[in-house]
Amino acid sequence: MNIRVLGAHGSDLLLNGPTSQHICRSVGFLVNEELMVDAGTLASGLTLDEQKRIKYILLSHLHLDHVKGIPPLVDNMSGLMDHQIVVASLPSVLVGLQKHVFNDLVFPNFFNLPGSPYSILRGEELEPKRELRLSKRVRITPIPVNHTVETAGFIIQDDEVAWIYSGDTYVTENLWQEAARIPNLKGVFIEVSFPDSMRDMAYRSKHLTPTLLAQEYRKIGKPDLPLYVYHMKPTVRDQIIDEISHLDIPHVTILEEGQELTL
Ligand SMILES: [Zn+2]
Ligand SMILES: [Zn+2]
């Protein structure tokens, strides 16, 4: 499975480093060129031809840093699309998306555009813990996690490999229990948002710190499982990376915009 990192952070910021600048963008991963896993960054990271190939958008929850890439995509695709884009998520997320974003006030309702022969977006409701074949090759299973709003992590798999995406989460159990049972699990993407010094903020906003990340990762019981870290808040990115380097986890990758992985 091919994964392109369009956004690996919990917000957007142009960071000034000692020798270069780093563009931090909100979370969005493009899988096999046709499936977005979260959509905080989407159109700004893809050419028009690449955007036309997107058929599925999988959303972990409704927070803006996970959905704000969708309006520019449908704006670009207006009049160019020959297929609908399936937006798959928990029912509350699909309702919220149309109530608060695609509500004909903030943005036109591209799920149901008046006068249009068909809508660009089509909602697909997911049921917790029930596997769904989203595309020809890819199956997904939503697992509820522990965040401030209803949120799902996902098991994403084809016939050869599986990987886990945590969504935004604080300390949780079910997702790691499922992870422990998957024989062909090739990687786990776990969010980290704040350094350990901001653990109170992490608790209040239901996010992980590096120490909590290590605790959650170890619940899976697979010490050689590759760990991919994302959703760092850009202003505390360097501090988080420093703390993760002291965690004693052998296969850890800090995800960055522009990276491409094959699992
Ligand atoms: Zn987030
Ligand atoms: Zn969130």
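Helices here are DSSP runs of H or I with at least four residues, strands are runs of E with at least two, and both are numbered from the N terminus. The model is a predicted one, where local features need pLDDT of at least 70 and side-chain atom pairs count only at pLDDT 80 or more, while totals for chains, interfaces and linings use all residues. Residues are numbered from 1 along each chain as its sequence is written, and chains are lettered from A and ligands numbered from 1 in the order in which they are written.

Which residues of α8 are buried? They are Arg-237, Ile-240, Glu-243 and Ile-244. Seen down the axis of α8, these fall within an arc of 130 degrees, so they line one face of the helix; the arc is taken over the directions from the helix axis to the C-beta atoms. An α-helix has 3.6 residues a turn, so residues three or four places apart point the same way. Turned away from that buried side are the exposed residues Asp-242 and Ser-245. As for the words themselves, a residue is buried if 20 or more other C-beta atoms lie within 10 Å of its own, exposed if 12 or fewer, and partly exposed in between, with C-beta atoms placed from the backbone.

Now step over to β14. Together with α8 and β15, β14 makes a right-handed β-α-β unit. Right-handed means that, with the strands pointing away from the viewer, the path from the first strand over the helix to the second runs clockwise. β14 is covered on both faces: Leu-227 and Val-229 are buried on one side, Tyr-228 and Tyr-230 on the other. In a regular strand the side chains alternate between the two faces of the sheet. β14 runs parallel to β13 (residues 185–191), joined by 4 bridges, and parallel to β15, joined by 3 bridges. Strands count as paired if DSSP finds at least two bridges between them. Val-188 stands opposite Leu-227, and the bridge partner of Tyr-228 in β15 is Thr-253.

Elsewhere there is an open sheet of 7 strands, in the order β8-β7-β6-β5-β4-β1-β16, with mixed pairing. At its edges stand β8 and β16 (260–262), each with a single partner strand, so one side of each is left without a neighbour in the sheet. Neighbouring strands of this sheet are turned by 25 degrees against each other on average, direction ignored; the axes behind that angle are lines fitted to C-alpha atoms. Inside the sheet, β4 (residues 28–31) and β5 run antiparallel with 4 bridges between them, and Gly-28 stands opposite Ala-39 in β5.

Asp-38 is worth a look in β5 (residues 35–39). The phi of Asp-38 is near 60 degrees, a positive value in a residue other than glycine. Is Asp-38 buried or exposed? Asp-38 counts as buried because 29 C-beta neighbours lie inside 10 Å. Leaving out residues up to four places away in sequence, Asp-38 touches Val-27, Gly-28, Phe-29, Leu-59, Ser-60 and His-66; contact means C-beta atoms, placed from the backbone, within 7 Å. Asp-104 also has a positive phi, about 65 degrees, without being a glycine, but Asp-104 sits in the loop between α4 (91–100) and β8 (121–125) and counts as exposed because it has 11 C-beta neighbours inside 10 Å.

Helix α3 (residues 70–77) has the buried residues Ile-70, Leu-73, Val-74 and Met-77. Seen down the axis of α3, they fall within an arc of 90 degrees, so they line one face of the helix. They pack against β5, α1 (48–52), β6 (56–58), α2 (64–67) and β8. Just after α3, Gly-79 takes a positive phi of about 80 degrees.

Leu-58 lies 20 residues from Asp-38 in sequence and 5.7 Å away in space, C-alpha to C-alpha.

Methods
Contact = placed C-beta atoms within 7 Å. Axes fitted to C-alpha atoms, helices over the stretch in contact; angles between N-to-C directions.
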